[in-house]
Amino acid sequence: MTSVGQALKRKEDPRMITGRGYYTEDIQLPGMLYAVIVRSPEAHATITSIDTSAAKERDGVVAVYTGEDLAGDFAGPLPMVWAPPGVEINTPEHWPLKRGEVKHVGDPVAVVVATSRTAAFDAADDVIVDYDPKPVVVDPEQALEDGSPLVWDSFGTNKTHEWAVAGGDFEAAEAEAEVTVEARYVNHRTSGAPIEPRCSVAEARAEKLTLYSTTQIPHIARFVLSGMLGIAEDKLRVVAPDVGGGFGAKLQVYAEEALVLALAKRLGRPVKWTETRSEHMTTSHHGRDQISYVTLTAKRDGTVTGCRARIIADLGAYQQLLTPFIPTLGFPVMGGCYAIPSIDLHFTGVFTNKMPTDAIRGAGRPEATYWIELTMDKLARELGMDPLELRRKNFVRKEQFPFETALGIVYDSGDYHGSLDRLLENFDLDEFRSEQAGLREQGIHRGVGFSTYVEVCGLAPSRAVGPQGVGLQAAFYESANVRVTPTGSAIVYSGISPHGQGLDTSFAQIAGDILGIDPQNVEILHGDTDQGAWGWDTYGSRSLSVGGEALARAARKVQDKAKRICAALLEAAPEDIELTDGKYQVKGSPDKSMTMAEISGAAHIPPAELPADIEPGLEESSFYDPENFVFPFGAHACVVDVDAETGKVSVVRYVAVDDCGPAINPMLIDGQVHGGITHAIGQALYEQVVYDEDGQLVTGTFVDYALPTAAEVPGFETDRTETPSPTNSLGVKGIGEAGTIAATPAVTAAVMDALQPLGVLWLDMPLTPVRVYEAIQAAQGNGAGPPSSQQGVRLDEHGRGSAGSGPTAPDEGGAS
């Protein structure tokens, strides 16, 4: 029996749940020192002086450095790697310790190194920094206004760049439209908030540096950090031990990683830096923070003819690795599941005095799905159509795949009608509406919201996203090496670097089936740049569709060689050898067979019968660069209750149907979907990174930044359809971000459905109790209500809404 498709328990779990995981913070090296960073309490200021004398006198302190002290330790600043053809992106120098000015609260200005963490913290309090405060801007639309305070005087503007892509003729669609709907959406700033904060340990031995770090990207980190330090790549090893969650927050090369390497090199002793939770909230990159002005044009029969979006992205104060690219990452699917003949997208990046944004789970695709799905709902209301029927009318049909969108993106495969049909088999909408009406008579405000999504992932075809494509200065192939030992077990070295996805299990299932080995006897090694071939690491739901395909190709090469060895020893032709029930046998002669252990033994200790043209050993490698992305999809439904007396929203039911191609391990799929939905419920109802007008972070702890717990989420009902992708031989697509991409519009739509009888027509996320309560009171004439994002959508030359525009709720105006 094959193991692929089976819900095997995770191989990595026993050591994790028994406390035998090995994390970066667990690393203790002889003579290790501890670094604590002195950070700016000012959002924007000139550094007038730094006095480190008292700190240096503290017991246990080994060194105290400022940015000026370490200026010669770095060959270059932290890089940004997106260079789209024909577009200039304002990119300031971004050094590990700041020189001259600070640009946001938490900017690092000095580092204390001591023999204990306690001594380092105490000494950090003795570093005296004088600041001359400067004007602050935290609102991206205000930052674009004439006369706004400038984050960087040298650029003369807070606009970082503009980037646009279009297909079809939207102007004609708008001119000929029988119906036009417009809306403004705020997708607010969030934190990745993994259970394990960041930690880095650096060690210098002879001429080689080693960095142990809580990173999703050890190979990319080595590539970047070797350049920053001005050393050859072979002189730097990067290791990602067990990583306690990433969610994109660890898809970064951070200042602290470069800093501990420079300190270890300078001091000749290992140096550890561990992030506090407040540091994480302040100085690990944030996500989202976009304002989208959206227009849909349509015929009266519901046929959507055009889509336009003007997106303003708050990038914070610096450009980190992918900061300006992330808002655009969703552009391939900004037309959603729909066959829209014209799409016009425009992106404006903006500097503010906040921590930079970058990839957080979904990275540009949750924002895109949020606005396209909610605007489809608005169009349905304007037309008087059922929102699901409007979707069905505009879905790309199954027989149209592979489908080329108006933007020239080719969706690989799909069955959007099928996933919605499956959802409605699990969720009886007529029964719900009947129940809803009865509950409303009892004063219970229940609502339902839907989301039908398509995701672009499997990053990425190098020709599409590399220098010759959209301009990332990288390639995105993946590697794998498969080695069968003399006793018949297997070791797989993967360029993927997982951090909770269960890849030790799913990769072992793939390799085990192809090789004819029990998955329990397949070891997956990853996260160490000194092991295996070069890889491009883990993000963008690429692990299985790119890394897994590289593994499968390498394993098939091993299988082919095993068949040659078996054929030679059984006196048969290689093409007559088949793998059946874990044995390599001659077709039609099951008594003439060999196990992989027997074959591998012969490969490593060749018998006389083995032809000389068969090399010893049983090991192969493969590099795989996909020809296209993969495009998972699905349909979700969310049911909420709203307490009109308190404003509290409770998610009472959630049904998800997802299609990520053939399942390798159904249990792992369910786990990823559960986590993704919970992440999105968090953004929709609870989580928000908030800065006040002075640039001070208001949500610096979990007391202020609310995360959902098991008490806030229901038991999820999951189901799947399986539509193989033609892009890879496994037919698989990504699943790790699907729940996050799909759920925010479903939750928001459900709350709006519940509030509609109370006169509330629109609220931006997060739909917290106070915001919902204020909106209900305002609708009933008892207050002003919370601020609405649904302001006018007429744009000025900066791509922002014109001042003084009246409110435009999704179903009270903005439609013609």
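## Reading a domain interface and a cavity

Mentor: The protein is divided into domain 1 (24-134 + 198-244 + 250-282), domain 2 (361-458 + 628-779) and domain 3 (477-624), with bounds that come from an automatic or database domain assignment. This is a predicted model, in which local features need pLDDT of at least 70 and side-chain atom pairs count only at pLDDT 80 or more, while totals for chains, interfaces and linings use all residues. Residues are numbered from 1 along each chain as its sequence is written, and side-chain values use heavy atoms, with hydrogens and water left out.

Trainee: How many residues does the contact take from domain 2 and from domain 3?

Mentor: Contact means heavy atoms within 4.5 Å, and here 18 residues from domain 2 and 18 residues from domain 3 take part.

Trainee: What area is buried between domain 2 and domain 3?

Mentor: Buried area is the accessible area (1.4 Å probe) that two parts lose on being put together, summed over both; for this pair the value is about 1,300 Å², with 56% given by carbon and sulfur atoms. On the domain 2 side, Ile-664, Leu-668 and Leu-730 lose the most area to domain 3, together 37% of what that side buries.

Trainee: How many salt bridges does the rule find across this interface of domain 2 and domain 3?

Mentor: The rule asks for a side-chain nitrogen of Lys or Arg within 4 Å of a carboxyl oxygen of Asp or Glu, and across this interface it finds zero salt bridges.

Trainee: Where is empty space left?

Mentor: Rolling a probe the size of a water molecule over the atoms shows this. The largest cavity is lined by 17 residues, of which His-94, Pro-108, Ala-255, Thr-283 and Met-355 lie nearest its centre; a cavity is a set of points on a 1 Å grid over the protein atoms alone where a 1.4 Å probe fits but cannot get out, and lining residues have an atom within 4 Å of a point.

Definitions and conventions
1 Å grid on protein atoms, 1.4 Å probe; cavity = no way out; pocket = protein on both sides within 12 Å on 5 of 7 lines; lining within 4 Å.
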